[in-house]
Amino acid sequence: MTDSLPGRDRAAWQAKAAALSIEGRAFIDGAYVEARSGRRFDDVSPIDGRVVAKVARCEAVDVDAAVVAARAAFERGDWRRTDPKERKRVLLRFAELIRGDLERLALLETLDVGKPILNSINVDVPFAADCIAYYAEFADKLYDEIAPTAPNETALIRREPLGVVGAIVPWNYPLIITAWKLGPALLAGNSVVLKPAEQSPLSAIRLAQLGLDAGLPPGVLNVVPGFGEEAGKPLGLHPDVDMISFTGSTEVGKLMMRYAGESNLKRVALECGGKSPHVVMADADLEAAASGIAWGIYYNMGETCHAGSRVIVAAPVKDALLAAIEQVARTITLGHPFDPATQMGALIDQGHLGRVLGYIEAGVREGARIAFGGRQAFADSGGFYVEATVLDGVRPTMKVAREEIFGPVLTVSAVSDEAQALREANDTIYGLAAAVWTSDINVAHRLSNALRGGTVWVNTYDRSSLATPFGGFKQSGFGRDRSPHAIDKYADLKTIWTAYK
Ligand code: NAD
(Lines give C-alpha, C1' and ligand atoms only; values in the text may rest on other atoms or scores of the structure.)
Protein backbone atom coordinates (compact mmCIF):
# COMPACT_ATOMS: atom_id res chain seq x y z
CA MET A 1 0.00 0.00 0.00
CA THR A 2 1.21 3.51 -0.77
CA ASP A 3 2.57 5.47 2.22
CA SER A 4 0.11 8.36 1.90
CA LEU A 5 -2.89 6.03 2.22
CA PRO A 6 -4.64 5.81 5.59
CA GLY A 7 -3.22 2.35 6.33
CA ARG A 8 -5.06 0.51 9.06
CA ASP A 9 -7.33 3.32 10.13
CA ARG A 10 -11.01 2.80 9.28
CA ALA A 11 -12.07 6.27 10.40
CA ALA A 12 -9.48 7.85 8.11
CA TRP A 13 -10.73 5.83 5.14
CA GLN A 14 -14.31 6.79 5.92
CA ALA A 15 -13.35 10.44 6.23
CA LYS A 16 -11.65 10.30 2.84
CA ALA A 17 -14.73 8.68 1.32
CA ALA A 18 -17.00 11.32 2.86
CA ALA A 19 -14.81 14.10 1.47
CA LEU A 20 -14.91 12.81 -2.11
CA SER A 21 -16.58 14.99 -4.66
CA ILE A 22 -18.31 12.43 -6.85
CA GLU A 23 -19.05 12.92 -10.55
CA GLY A 24 -22.36 11.34 -11.54
CA ARG A 25 -22.83 12.63 -15.07
CA ALA A 26 -22.60 10.68 -18.29
CA PHE A 27 -19.54 11.17 -20.48
CA ILE A 28 -20.27 11.75 -24.16
CA ASP A 29 -17.96 13.08 -26.87
CA GLY A 30 -15.25 14.07 -24.43
CA ALA A 31 -17.40 15.94 -21.89
CA TYR A 32 -19.52 15.26 -18.83
CA VAL A 33 -23.21 15.81 -19.54
CA GLU A 34 -26.53 15.28 -17.80
CA ALA A 35 -29.03 12.85 -19.29
CA ARG A 36 -31.14 14.68 -21.90
CA SER A 37 -34.20 14.18 -19.69
CA GLY A 38 -32.34 15.79 -16.76
CA ARG A 39 -33.25 12.74 -14.68
CA ARG A 40 -30.87 11.20 -12.16
CA PHE A 41 -31.04 8.06 -10.08
CA ASP A 42 -29.87 7.35 -6.54
CA ASP A 43 -26.60 5.49 -6.25
CA VAL A 44 -26.89 3.58 -2.98
CA SER A 45 -23.89 2.29 -1.06
CA PRO A 46 -24.29 -1.31 0.16
CA ILE A 47 -22.15 -0.43 3.16
CA ASP A 48 -25.00 1.32 4.97
CA GLY A 49 -27.81 1.78 2.45
CA ARG A 50 -27.13 5.51 2.08
CA VAL A 51 -27.33 7.44 -1.18
CA VAL A 52 -23.76 8.46 -2.12
CA ALA A 53 -24.40 10.09 -5.50
CA LYS A 54 -27.07 11.11 -7.96
CA VAL A 55 -26.25 9.63 -11.33
CA ALA A 56 -27.41 10.59 -14.82
CA ARG A 57 -30.23 8.27 -15.84
CA CYS A 58 -29.41 7.68 -19.50
CA GLU A 59 -32.02 6.45 -21.93
CA ALA A 60 -32.23 5.75 -25.67
CA VAL A 61 -31.64 9.38 -26.65
CA ASP A 62 -28.43 9.55 -24.61
CA VAL A 63 -27.23 6.20 -25.89
CA ASP A 64 -27.86 7.47 -29.40
CA ALA A 65 -25.81 10.61 -28.75
CA ALA A 66 -22.96 8.46 -27.43
CA VAL A 67 -23.11 6.14 -30.45
CA VAL A 68 -23.13 9.12 -32.83
CA ALA A 69 -20.03 10.54 -31.07
CA ALA A 70 -18.33 7.14 -31.11
CA ARG A 71 -19.08 6.68 -34.80
CA ALA A 72 -17.84 10.17 -35.65
CA ALA A 73 -14.58 9.50 -33.80
CA PHE A 74 -14.19 6.23 -35.66
CA GLU A 75 -14.80 7.85 -39.04
CA ARG A 76 -12.45 10.74 -38.24
CA GLY A 77 -9.84 8.09 -37.63
CA ASP A 78 -7.82 10.06 -35.12
CA TRP A 79 -7.65 7.01 -32.92
CA ARG A 80 -7.78 3.99 -35.20
CA ARG A 81 -5.33 5.46 -37.71
CA THR A 82 -2.78 6.75 -35.21
CA ASP A 83 0.74 5.43 -35.42
CA PRO A 84 0.82 2.26 -33.29
CA LYS A 85 3.57 3.79 -31.19
CA GLU A 86 1.27 6.70 -30.35
CA ARG A 87 -1.66 4.41 -29.54
CA LYS A 88 0.62 2.51 -27.18
CA ARG A 89 1.79 5.73 -25.56
CA VAL A 90 -1.78 6.90 -24.91
CA LEU A 91 -2.90 3.56 -23.48
CA LEU A 92 0.20 3.31 -21.27
CA ARG A 93 -0.53 6.81 -20.03
CA PHE A 94 -4.14 5.77 -19.36
CA ALA A 95 -2.82 2.89 -17.24
CA GLU A 96 -0.47 5.26 -15.39
CA LEU A 97 -3.29 7.71 -14.67
CA ILE A 98 -5.37 4.85 -13.25
CA ARG A 99 -2.45 3.92 -10.98
CA GLY A 100 -2.03 7.56 -10.03
CA ASP A 101 -5.71 7.76 -9.12
CA LEU A 102 -5.48 4.68 -6.90
CA GLU A 103 -6.96 6.17 -3.77
CA ARG A 104 -9.96 7.86 -5.38
CA LEU A 105 -10.81 4.89 -7.62
CA ALA A 106 -10.52 2.47 -4.69
CA LEU A 107 -12.74 4.64 -2.50
CA LEU A 108 -15.34 4.89 -5.28
CA GLU A 109 -15.28 1.14 -5.89
CA THR A 110 -15.66 0.26 -2.21
CA LEU A 111 -18.39 2.86 -1.65
CA ASP A 112 -20.27 1.66 -4.69
CA VAL A 113 -20.09 -2.12 -4.28
CA GLY A 114 -19.14 -2.76 -0.63
CA LYS A 115 -15.95 -4.69 -1.26
CA PRO A 116 -13.14 -4.43 1.32
CA ILE A 117 -11.03 -1.31 0.79
CA LEU A 118 -7.78 -3.26 0.75
CA ASN A 119 -9.11 -5.43 -2.07
CA SER A 120 -9.93 -2.31 -4.07
CA ILE A 121 -6.47 -0.90 -3.32
CA ASN A 122 -4.43 -4.03 -3.88
CA VAL A 123 -6.46 -5.85 -6.52
CA ASP A 124 -9.19 -4.00 -8.40
CA VAL A 125 -7.43 -0.75 -9.24
CA PRO A 126 -3.94 -2.16 -10.00
CA PHE A 127 -5.36 -5.08 -11.99
CA ALA A 128 -7.39 -2.66 -14.13
CA ALA A 129 -4.28 -0.55 -14.80
CA ASP A 130 -2.20 -3.65 -15.56
CA CYS A 131 -4.80 -4.79 -18.06
CA ILE A 132 -4.78 -1.52 -20.02
CA ALA A 133 -0.95 -1.57 -20.01
CA TYR A 134 -0.88 -5.22 -21.12
CA TYR A 135 -2.96 -4.45 -24.22
CA ALA A 136 -1.09 -1.20 -24.89
CA GLU A 137 2.04 -3.24 -25.47
CA PHE A 138 0.46 -5.10 -28.39
CA ALA A 139 0.06 -1.88 -30.39
CA ASP A 140 3.49 -2.08 -31.97
CA LYS A 141 4.13 -5.80 -31.52
CA LEU A 142 1.12 -7.52 -33.05
CA TYR A 143 1.63 -8.57 -36.65
CA ASP A 144 -0.98 -9.42 -39.24
CA GLU A 145 -0.49 -12.23 -41.78
CA ILE A 146 0.46 -12.95 -45.35
CA ALA A 147 -1.15 -16.09 -46.75
CA PRO A 148 0.66 -18.53 -49.03
CA THR A 149 -0.34 -17.78 -52.65
CA ALA A 150 0.82 -18.42 -56.17
CA PRO A 151 3.73 -16.28 -57.43
CA ASN A 152 2.73 -12.82 -58.69
CA GLU A 153 0.04 -12.53 -56.02
CA THR A 154 0.00 -11.37 -52.44
CA ALA A 155 -2.78 -12.05 -49.97
CA LEU A 156 -2.63 -9.90 -46.85
CA ILE A 157 -4.82 -10.90 -43.92
CA ARG A 158 -5.40 -7.82 -41.82
CA ARG A 159 -7.16 -7.18 -38.55
CA GLU A 160 -9.45 -4.18 -38.81
CA PRO A 161 -11.35 -2.60 -35.94
CA LEU A 162 -15.08 -3.28 -35.90
CA GLY A 163 -16.20 0.32 -35.36
CA VAL A 164 -18.41 1.08 -32.35
CA VAL A 165 -18.27 -1.40 -29.49
CA GLY A 166 -20.98 -1.37 -26.81
CA ALA A 167 -19.59 -2.68 -23.53
CA ILE A 168 -22.19 -3.70 -20.95
CA VAL A 169 -20.74 -4.72 -17.60
CA PRO A 170 -21.89 -5.99 -14.18
CA TRP A 171 -21.32 -4.64 -10.67
CA ASN A 172 -19.11 -7.25 -9.04
CA TYR A 173 -15.72 -6.16 -10.42
CA PRO A 174 -16.64 -2.90 -12.16
CA LEU A 175 -13.09 -1.68 -12.83
CA ILE A 176 -11.48 -4.99 -13.70
CA ILE A 177 -14.19 -6.19 -16.07
CA THR A 178 -14.38 -2.77 -17.72
CA ALA A 179 -10.60 -2.86 -18.26
CA TRP A 180 -10.85 -6.37 -19.74
CA LYS A 181 -13.09 -4.83 -22.41
CA LEU A 182 -11.48 -1.42 -22.89
CA GLY A 183 -7.93 -2.76 -23.22
CA PRO A 184 -8.37 -4.94 -26.32
CA ALA A 185 -11.24 -2.89 -27.82
CA LEU A 186 -9.25 0.36 -27.76
CA LEU A 187 -5.99 -1.32 -28.76
CA ALA A 188 -7.75 -2.65 -31.85
CA GLY A 189 -8.81 0.91 -32.78
CA ASN A 190 -12.51 0.83 -31.90
CA SER A 191 -14.64 3.48 -30.25
CA VAL A 192 -16.47 2.35 -27.12
CA VAL A 193 -19.81 3.14 -25.50
CA LEU A 194 -19.63 1.76 -21.97
CA LYS A 195 -22.79 1.00 -19.97
CA PRO A 196 -21.82 0.31 -16.35
CA ALA A 197 -24.22 -1.53 -14.06
CA GLU A 198 -26.74 0.77 -12.35
CA GLN A 199 -25.41 -0.42 -8.97
CA SER A 200 -21.79 0.57 -9.74
CA PRO A 201 -21.40 3.46 -12.19
CA LEU A 202 -18.91 5.63 -10.29
CA SER A 203 -15.52 4.18 -11.25
CA ALA A 204 -16.52 3.97 -14.94
CA ILE A 205 -17.53 7.63 -14.92
CA ARG A 206 -14.14 8.50 -13.44
CA LEU A 207 -12.27 6.32 -15.96
CA ALA A 208 -13.72 8.36 -18.81
CA GLN A 209 -11.94 11.49 -17.54
CA LEU A 210 -8.67 9.60 -17.11
CA GLY A 211 -8.96 8.27 -20.68
CA LEU A 212 -9.45 11.78 -22.01
CA ASP A 213 -6.54 13.10 -19.94
CA ALA A 214 -4.38 10.29 -21.31
CA GLY A 215 -5.06 11.47 -24.84
CA LEU A 216 -7.99 9.40 -26.11
CA PRO A 217 -9.69 11.68 -28.66
CA PRO A 218 -13.24 12.83 -27.78
CA GLY A 219 -15.85 10.23 -28.67
CA VAL A 220 -13.49 7.26 -28.44
CA LEU A 221 -14.64 6.40 -24.92
CA ASN A 222 -18.18 7.30 -23.82
CA VAL A 223 -19.98 6.26 -20.63
CA VAL A 224 -23.77 6.06 -20.36
CA PRO A 225 -24.88 5.12 -16.83
CA GLY A 226 -28.42 3.91 -16.41
CA PHE A 227 -30.68 0.91 -16.00
CA GLY A 228 -30.57 -2.23 -18.09
CA GLU A 229 -33.93 -1.76 -19.77
CA GLU A 230 -33.45 1.99 -20.30
CA ALA A 231 -29.79 2.26 -21.38
CA GLY A 232 -28.53 -1.30 -21.96
CA LYS A 233 -31.38 -2.33 -24.23
CA PRO A 234 -31.12 0.63 -26.65
CA LEU A 235 -27.39 0.00 -26.85
CA GLY A 236 -28.00 -3.68 -27.63
CA LEU A 237 -30.60 -2.77 -30.25
CA HIS A 238 -28.73 0.17 -31.78
CA PRO A 239 -28.35 -0.22 -35.56
CA ASP A 240 -25.00 1.58 -35.58
CA VAL A 241 -23.28 -0.46 -32.88
CA ASP A 242 -21.03 -3.14 -34.40
CA MET A 243 -20.50 -5.31 -31.36
CA ILE A 244 -21.78 -5.86 -27.84
CA SER A 245 -19.24 -7.13 -25.38
CA PHE A 246 -21.33 -8.22 -22.42
CA THR A 247 -20.53 -9.53 -18.97
CA GLY A 248 -23.42 -10.35 -16.69
CA SER A 249 -26.07 -12.95 -16.07
CA THR A 250 -26.90 -15.71 -18.53
CA GLU A 251 -30.50 -14.48 -18.61
CA VAL A 252 -29.49 -11.00 -19.84
CA GLY A 253 -26.79 -12.51 -22.06
CA LYS A 254 -29.56 -14.28 -23.98
CA LEU A 255 -31.27 -10.93 -24.48
CA MET A 256 -28.08 -9.59 -26.09
CA MET A 257 -28.33 -12.25 -28.77
CA ARG A 258 -31.98 -11.38 -29.33
CA TYR A 259 -31.14 -7.69 -29.65
CA ALA A 260 -28.45 -8.51 -32.22
CA GLY A 261 -30.89 -10.65 -34.21
CA GLU A 262 -33.61 -8.02 -34.08
CA SER A 263 -31.30 -5.20 -35.16
CA ASN A 264 -28.17 -5.31 -37.30
CA LEU A 265 -26.66 -8.72 -36.49
CA LYS A 266 -23.99 -7.01 -34.45
CA ARG A 267 -21.36 -9.33 -33.06
CA VAL A 268 -21.94 -10.49 -29.50
CA ALA A 269 -19.42 -11.75 -26.96
CA LEU A 270 -20.82 -13.06 -23.69
CA GLU A 271 -19.24 -13.68 -20.31
CA CYS A 272 -22.10 -15.00 -18.20
CA GLY A 273 -22.86 -16.84 -14.99
CA GLY A 274 -21.30 -19.88 -13.39
CA LYS A 275 -21.81 -22.68 -10.89
CA SER A 276 -18.26 -23.93 -10.71
CA PRO A 277 -17.50 -27.27 -8.99
CA HIS A 278 -14.58 -28.40 -6.86
CA VAL A 279 -14.01 -32.15 -7.18
CA VAL A 280 -12.14 -33.30 -4.07
CA MET A 281 -10.80 -36.85 -4.20
CA ALA A 282 -10.01 -38.91 -1.09
CA ASP A 283 -6.25 -38.59 -1.67
CA ALA A 284 -6.31 -34.76 -1.84
CA ASP A 285 -4.28 -32.49 0.42
CA LEU A 286 -7.33 -31.45 2.43
CA GLU A 287 -5.72 -28.45 4.04
CA ALA A 288 -4.76 -26.97 0.68
CA ALA A 289 -8.19 -27.85 -0.73
CA ALA A 290 -9.97 -26.21 2.21
CA SER A 291 -8.04 -23.01 1.76
CA GLY A 292 -8.63 -22.92 -2.01
CA ILE A 293 -12.32 -23.69 -1.53
CA ALA A 294 -12.96 -21.18 1.26
CA TRP A 295 -11.20 -18.29 -0.47
CA GLY A 296 -12.69 -19.38 -3.81
CA ILE A 297 -16.22 -18.81 -2.50
CA TYR A 298 -15.82 -16.10 0.16
CA TYR A 299 -13.51 -13.71 -1.69
CA ASN A 300 -15.59 -10.75 -2.89
CA MET A 301 -18.49 -12.13 -0.80
CA GLY A 302 -19.05 -14.88 -3.36
CA GLU A 303 -20.01 -12.25 -5.92
CA THR A 304 -17.60 -13.73 -8.42
CA CYS A 305 -18.73 -15.39 -11.65
CA HIS A 306 -16.17 -18.19 -11.30
CA ALA A 307 -16.66 -18.63 -7.53
CA GLY A 308 -16.23 -22.31 -6.72
CA SER A 309 -19.67 -22.75 -5.28
CA ARG A 310 -20.19 -26.53 -5.35
CA VAL A 311 -17.99 -28.98 -3.49
CA ILE A 312 -18.26 -32.57 -4.69
CA VAL A 313 -16.18 -34.64 -2.33
CA ALA A 314 -15.32 -38.30 -1.82
CA ALA A 315 -17.58 -39.50 1.02
CA PRO A 316 -14.82 -40.81 3.33
CA VAL A 317 -13.12 -37.40 3.60
CA LYS A 318 -16.20 -35.17 3.59
CA ASP A 319 -16.33 -34.47 7.32
CA ALA A 320 -12.61 -33.76 7.54
CA LEU A 321 -12.84 -31.39 4.58
CA LEU A 322 -15.85 -29.60 6.05
CA ALA A 323 -14.03 -29.11 9.35
CA ALA A 324 -10.98 -27.73 7.51
CA ILE A 325 -13.12 -25.34 5.42
CA GLU A 326 -14.82 -24.08 8.56
CA GLN A 327 -11.45 -23.48 10.17
CA VAL A 328 -10.35 -21.30 7.23
CA ALA A 329 -13.72 -19.55 7.02
CA ARG A 330 -13.48 -18.54 10.69
CA THR A 331 -10.28 -16.63 9.91
CA ILE A 332 -11.96 -14.57 7.16
CA THR A 333 -13.18 -11.36 8.76
CA LEU A 334 -16.64 -10.11 7.82
CA GLY A 335 -16.88 -6.42 8.57
CA HIS A 336 -17.13 -2.81 7.53
CA PRO A 337 -15.64 -2.42 4.05
CA PHE A 338 -13.59 0.61 5.12
CA ASP A 339 -12.00 -1.32 7.98
CA PRO A 340 -8.64 -2.51 6.62
CA ALA A 341 -8.97 -5.72 8.65
CA THR A 342 -12.13 -6.66 6.73
CA GLN A 343 -11.88 -9.49 4.21
CA MET A 344 -15.60 -9.88 3.43
CA GLY A 345 -17.78 -6.80 3.05
CA ALA A 346 -21.36 -6.14 1.96
CA LEU A 347 -23.51 -7.70 -0.75
CA ILE A 348 -24.47 -5.35 -3.54
CA ASP A 349 -28.02 -4.36 -2.56
CA GLN A 350 -31.16 -5.10 -0.59
CA GLY A 351 -32.66 -7.21 -3.36
CA HIS A 352 -29.57 -9.36 -3.67
CA LEU A 353 -29.37 -9.78 0.11
CA GLY A 354 -32.94 -11.13 0.05
CA ARG A 355 -32.10 -13.43 -2.86
CA VAL A 356 -29.05 -14.93 -1.13
CA LEU A 357 -30.93 -15.46 2.16
CA GLY A 358 -33.80 -16.94 0.13
CA TYR A 359 -31.44 -19.50 -1.41
CA ILE A 360 -30.19 -20.52 2.03
CA GLU A 361 -33.80 -21.02 3.17
CA ALA A 362 -34.64 -22.95 -0.01
CA GLY A 363 -31.66 -25.23 0.60
CA VAL A 364 -32.83 -25.99 4.12
CA ARG A 365 -36.42 -26.54 2.92
CA GLU A 366 -35.19 -29.09 0.40
CA GLY A 367 -33.25 -30.99 3.08
CA ALA A 368 -29.76 -29.43 3.19
CA ARG A 369 -28.16 -28.68 6.56
CA ILE A 370 -26.46 -25.42 7.45
CA ALA A 371 -22.98 -26.55 8.51
CA PHE A 372 -22.08 -23.00 9.49
CA GLY A 373 -23.10 -19.41 8.85
CA GLY A 374 -26.46 -18.92 7.15
CA ARG A 375 -27.49 -15.61 8.72
CA GLN A 376 -27.62 -11.95 7.87
CA ALA A 377 -25.08 -9.86 9.81
CA PHE A 378 -24.93 -6.24 10.98
CA ALA A 379 -28.58 -5.67 10.03
CA ASP A 380 -28.69 -2.45 12.06
CA SER A 381 -25.94 -0.91 9.87
CA GLY A 382 -28.45 -0.41 7.07
CA GLY A 383 -26.07 -2.39 4.83
CA PHE A 384 -26.32 -5.86 3.32
CA TYR A 385 -24.10 -8.44 5.00
CA VAL A 386 -24.30 -12.25 5.06
CA GLU A 387 -22.11 -14.71 6.96
CA ALA A 388 -19.82 -17.15 5.20
CA THR A 389 -22.12 -20.15 4.79
CA VAL A 390 -21.86 -23.85 4.00
CA LEU A 391 -24.84 -26.04 3.12
CA ASP A 392 -24.09 -29.73 3.60
CA GLY A 393 -26.02 -32.74 2.34
CA VAL A 394 -26.90 -31.04 -0.93
CA ARG A 395 -28.30 -33.25 -3.69
CA PRO A 396 -27.72 -32.41 -7.37
CA THR A 397 -31.42 -31.81 -7.98
CA MET A 398 -31.76 -29.09 -5.34
CA LYS A 399 -32.22 -25.48 -6.38
CA VAL A 400 -29.06 -24.48 -4.47
CA ALA A 401 -27.03 -26.99 -6.49
CA ARG A 402 -28.42 -25.84 -9.83
CA GLU A 403 -28.79 -22.05 -9.70
CA GLU A 404 -26.11 -19.41 -9.37
CA ILE A 405 -26.43 -17.89 -5.87
CA PHE A 406 -23.72 -15.25 -6.34
CA GLY A 407 -23.17 -14.92 -2.60
CA PRO A 408 -21.02 -16.47 0.16
CA VAL A 409 -22.80 -19.81 0.05
CA LEU A 410 -21.03 -23.11 -0.62
CA THR A 411 -22.88 -26.37 -1.24
CA VAL A 412 -21.35 -29.71 -0.33
CA SER A 413 -22.30 -33.15 -1.69
CA ALA A 414 -20.60 -36.47 -1.00
CA VAL A 415 -19.99 -38.96 -3.83
CA SER A 416 -18.85 -42.55 -3.93
CA ASP A 417 -16.45 -42.57 -6.87
CA GLU A 418 -14.74 -40.60 -9.63
CA ALA A 419 -17.42 -41.35 -12.21
CA GLN A 420 -20.19 -39.98 -9.98
CA ALA A 421 -18.05 -36.94 -9.13
CA LEU A 422 -17.53 -36.15 -12.81
CA ARG A 423 -21.20 -36.68 -13.66
CA GLU A 424 -22.35 -34.32 -10.91
CA ALA A 425 -19.66 -31.74 -11.64
CA ASN A 426 -20.70 -31.50 -15.30
CA ASP A 427 -24.43 -31.67 -14.53
CA THR A 428 -25.01 -27.93 -14.94
CA ILE A 429 -25.97 -25.49 -17.66
CA TYR A 430 -22.82 -23.51 -16.82
CA GLY A 431 -19.18 -24.11 -17.75
CA LEU A 432 -17.06 -21.26 -16.50
CA ALA A 433 -14.56 -23.01 -14.26
CA ALA A 434 -13.86 -26.13 -12.17
CA ALA A 435 -11.20 -27.54 -9.90
CA VAL A 436 -9.76 -30.97 -9.15
CA TRP A 437 -8.04 -31.74 -5.88
CA THR A 438 -6.05 -34.99 -5.91
CA SER A 439 -2.51 -36.28 -5.44
CA ASP A 440 -2.88 -38.80 -8.28
CA ILE A 441 -1.52 -37.41 -11.54
CA ASN A 442 -3.68 -39.83 -13.53
CA VAL A 443 -6.87 -38.64 -11.88
CA ALA A 444 -5.75 -35.02 -12.29
CA HIS A 445 -5.33 -35.45 -16.05
CA ARG A 446 -8.46 -37.56 -16.52
CA LEU A 447 -10.71 -35.14 -14.68
CA SER A 448 -9.22 -31.91 -15.99
CA ASN A 449 -9.73 -33.20 -19.53
CA ALA A 450 -13.29 -34.31 -18.86
CA LEU A 451 -14.57 -31.32 -16.89
CA ARG A 452 -16.47 -28.86 -19.09
CA GLY A 453 -15.22 -25.40 -18.22
CA GLY A 454 -13.21 -22.51 -19.64
CA THR A 455 -10.67 -22.87 -16.81
CA VAL A 456 -9.88 -26.02 -14.83
CA TRP A 457 -7.57 -25.64 -11.85
CA VAL A 458 -5.67 -28.60 -10.43
CA ASN A 459 -4.72 -28.42 -6.75
CA THR A 460 -5.25 -24.66 -6.69
CA TYR A 461 -8.06 -22.19 -7.27
CA ASP A 462 -8.46 -18.77 -8.82
CA ARG A 463 -4.90 -18.53 -10.11
CA SER A 464 -4.92 -16.44 -13.23
CA SER A 465 -3.10 -13.76 -15.13
CA LEU A 466 -3.67 -11.48 -18.07
CA ALA A 467 -1.76 -14.00 -20.14
CA THR A 468 -4.49 -16.66 -19.86
CA PRO A 469 -7.89 -16.43 -21.58
CA PHE A 470 -10.96 -16.27 -19.35
CA GLY A 471 -14.51 -17.22 -20.26
CA GLY A 472 -17.01 -19.99 -20.42
CA PHE A 473 -18.25 -23.15 -22.04
CA LYS A 474 -21.98 -23.85 -22.40
CA GLN A 475 -24.30 -21.16 -21.01
CA SER A 476 -21.43 -19.37 -19.29
CA GLY A 477 -20.95 -17.67 -22.64
CA PHE A 478 -18.45 -17.47 -25.46
CA GLY A 479 -15.61 -15.23 -26.49
CA ARG A 480 -12.69 -14.76 -24.16
CA ASP A 481 -11.49 -11.85 -22.05
CA ARG A 482 -7.75 -11.46 -21.28
CA SER A 483 -4.77 -12.82 -23.23
CA PRO A 484 -3.98 -12.10 -26.90
CA HIS A 485 -7.10 -14.10 -27.86
CA ALA A 486 -9.35 -11.30 -26.59
CA ILE A 487 -8.04 -8.95 -29.27
CA ASP A 488 -9.50 -11.00 -32.11
CA LYS A 489 -13.06 -10.52 -30.96
CA TYR A 490 -12.72 -6.74 -31.35
CA ALA A 491 -11.44 -7.03 -34.94
CA ASP A 492 -12.61 -8.25 -38.30
CA LEU A 493 -10.28 -10.05 -40.66
CA LYS A 494 -9.88 -8.48 -44.07
CA THR A 495 -8.13 -10.22 -46.96
CA ILE A 496 -6.47 -7.97 -49.49
CA TRP A 497 -5.54 -10.03 -52.54
CA THR A 498 -3.27 -8.33 -55.04
CA ALA A 499 -2.13 -9.62 -58.41
CA TYR A 500 0.90 -8.08 -60.02
CA LYS A 501 3.07 -8.55 -63.06
P1 NAD B 1 -27.06 -8.54 -15.03
O2 NAD B 1 -27.09 -9.48 -16.18
O3 NAD B 1 -28.28 -8.29 -14.27
O4 NAD B 1 -26.53 -7.11 -15.50
C5 NAD B 1 -25.35 -6.96 -16.26
C6 NAD B 1 -25.46 -5.69 -17.07
O7 NAD B 1 -26.54 -5.83 -18.00
C8 NAD B 1 -25.76 -4.44 -16.25
O9 NAD B 1 -25.06 -3.34 -16.79
C10 NAD B 1 -27.26 -4.26 -16.46
O11 NAD B 1 -27.70 -2.93 -16.32
C12 NAD B 1 -27.41 -4.74 -17.88
N13 NAD B 1 -28.78 -5.19 -18.19
C14 NAD B 1 -29.68 -5.73 -17.33
N15 NAD B 1 -30.83 -5.97 -17.97
C16 NAD B 1 -30.66 -5.58 -19.26
C17 NAD B 1 -31.50 -5.56 -20.40
N18 NAD B 1 -32.76 -6.00 -20.36
N19 NAD B 1 -30.99 -5.10 -21.56
C20 NAD B 1 -29.71 -4.64 -21.62
N21 NAD B 1 -28.89 -4.60 -20.57
C22 NAD B 1 -29.35 -5.08 -19.39
O23 NAD B 1 -25.86 -9.08 -14.11
P24 NAD B 1 -25.37 -8.47 -12.72
O25 NAD B 1 -26.40 -8.79 -11.70
O26 NAD B 1 -24.93 -7.07 -12.90
O27 NAD B 1 -24.04 -9.33 -12.48
C28 NAD B 1 -24.05 -10.61 -11.98
C29 NAD B 1 -23.93 -11.64 -13.08
O30 NAD B 1 -22.78 -11.38 -13.87
C31 NAD B 1 -23.74 -13.02 -12.53
O32 NAD B 1 -24.54 -13.93 -13.26
C33 NAD B 1 -22.27 -13.30 -12.79
O34 NAD B 1 -21.92 -14.65 -12.88
C35 NAD B 1 -22.06 -12.60 -14.07
N36 NAD B 1 -20.63 -12.33 -14.28
C37 NAD B 1 -19.95 -13.05 -15.22
C38 NAD B 1 -18.59 -12.84 -15.41
C39 NAD B 1 -17.80 -13.62 -16.43
O40 NAD B 1 -16.71 -13.16 -16.79
N41 NAD B 1 -18.27 -14.75 -16.91
C42 NAD B 1 -17.92 -11.89 -14.63
C43 NAD B 1 -18.65 -11.18 -13.67
C44 NAD B 1 -20.01 -11.41 -13.52
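## A friendly first look at this predicted model

Met301 lies in the loop between α10 and β13, in a naming scheme where helices (H or I, at least four residues) and strands (E, at least two) are DSSP runs, numbered from the N terminus. This is a predicted model, in which local features need pLDDT of at least 70 and side-chain atom pairs count only at pLDDT 80 or more, while totals for chains, interfaces and linings use all residues. Residues are numbered from 1 along each chain as its sequence is written, and side-chain values use heavy atoms, with hydrogens and water left out.

- Most residues other than glycine have a negative phi.
- Met301 has a phi near 60 degrees, a positive value in a residue other than glycine.
- With a relative accessible area of 1%, Met301 is buried; here buried means under 20% relative accessible area, exposed over 50%, and partly exposed in between (1.4 Å probe, protein chains only).
- Leu265 also has a positive phi, near 55 degrees, and is not a glycine.
- Leu265 sits in the loop between α9 and β11 (267–271), and its relative accessible area of 66% makes it exposed.

**Domains**

- The chain is divided into domain 1 (10–272 + 477–495) and domain 2 (277–465), with bounds that come from an automatic or database domain assignment.
- Taken over C-alpha atoms, the centres of domain 1 and domain 2 are 30 Å apart.
- Between them, 29 residues of domain 1 are in contact with 31 residues of domain 2, where contact means heavy atoms within 4.5 Å.

**Aromatic pairs**

- How many aromatic pairs does the structure hold? There are nine aromatic pairs, counted when rings of Phe, Tyr and Trp (its six-membered ring) have centres within 6.5 Å; planes under 30 degrees apart count as stacked, over 60 as edge-to-face and the rest as tilted.
- One of these is the pair of Phe41 and Phe227, which is tilted because the ring planes stand at 55 degrees, with the centres 4.9 Å apart.
- This pair links distant parts of the chain, 186 residues apart: Phe41 is in strand β3 (residues 40–44), and Phe227 is in the loop between β9 (221–223) and α8 (228–237).
- Phe41 is buried at 5% relative accessibility, whereas Phe227 is partly exposed at 28%.
- Trp180 and Phe470 form a tilted pair too, at 5.4 Å centre to centre and with 55 degrees between the planes.
- That pair also links distant parts of the chain, 290 residues apart, with Trp180 in helix α6 (residues 174–187) and Phe470 in the loop between β21 (455–458) and β22 (473–474).
- Trp180 and Phe470 are both buried.
- Tyr134, Tyr135 and Phe138 are linked into a cluster by ring pairs.

**A charge over a ring**

- Arg80 lies over the face of Phe74, 4.2 Å from the ring centre; this label applies if NZ of Lys or CZ of Arg is within 6 Å of the ring centre and within 35 degrees of the ring normal.

**Helix α11 and its two faces**

- Helix α11 (residues 318–330) has 13 residues and should span 18 Å at 1.5 Å a residue, which agrees with the 18 Å between its end C-alpha atoms; the expected span is 1.5 Å times one less than the number of residues.
- Its buried residues are Lys318, Leu321, Leu322, Ala324, Ile325, Val328 and Ala329.
- The face turned away from the buried side of α11 carries the exposed residues Asp319, Gln327 and Arg330.
- The cover over the buried residues of α11 includes β12 (276–280), α10 (286–298) and β13 (308–314).

**Other helices and their buried residues**

- In α8, the residues Ala231, Gly232, Pro234, Leu235 and Gly236 are buried, and what covers them includes α2 (60–76), β7 (164–168) and α9 (250–262).
- Thr110, in helix α4 (residues 102–113), is buried with a relative accessible area of 0%.
- Leaving aside neighbours within four places in sequence, the contacts of Thr110 include Ile47, Pro116, Pro337 and Phe338.
- Gly211, in helix α7 (residues 202–214), is buried at 0% relative accessibility.
- Not counting residues up to four places away in sequence, Gly211 touches Phe94 and Leu216.
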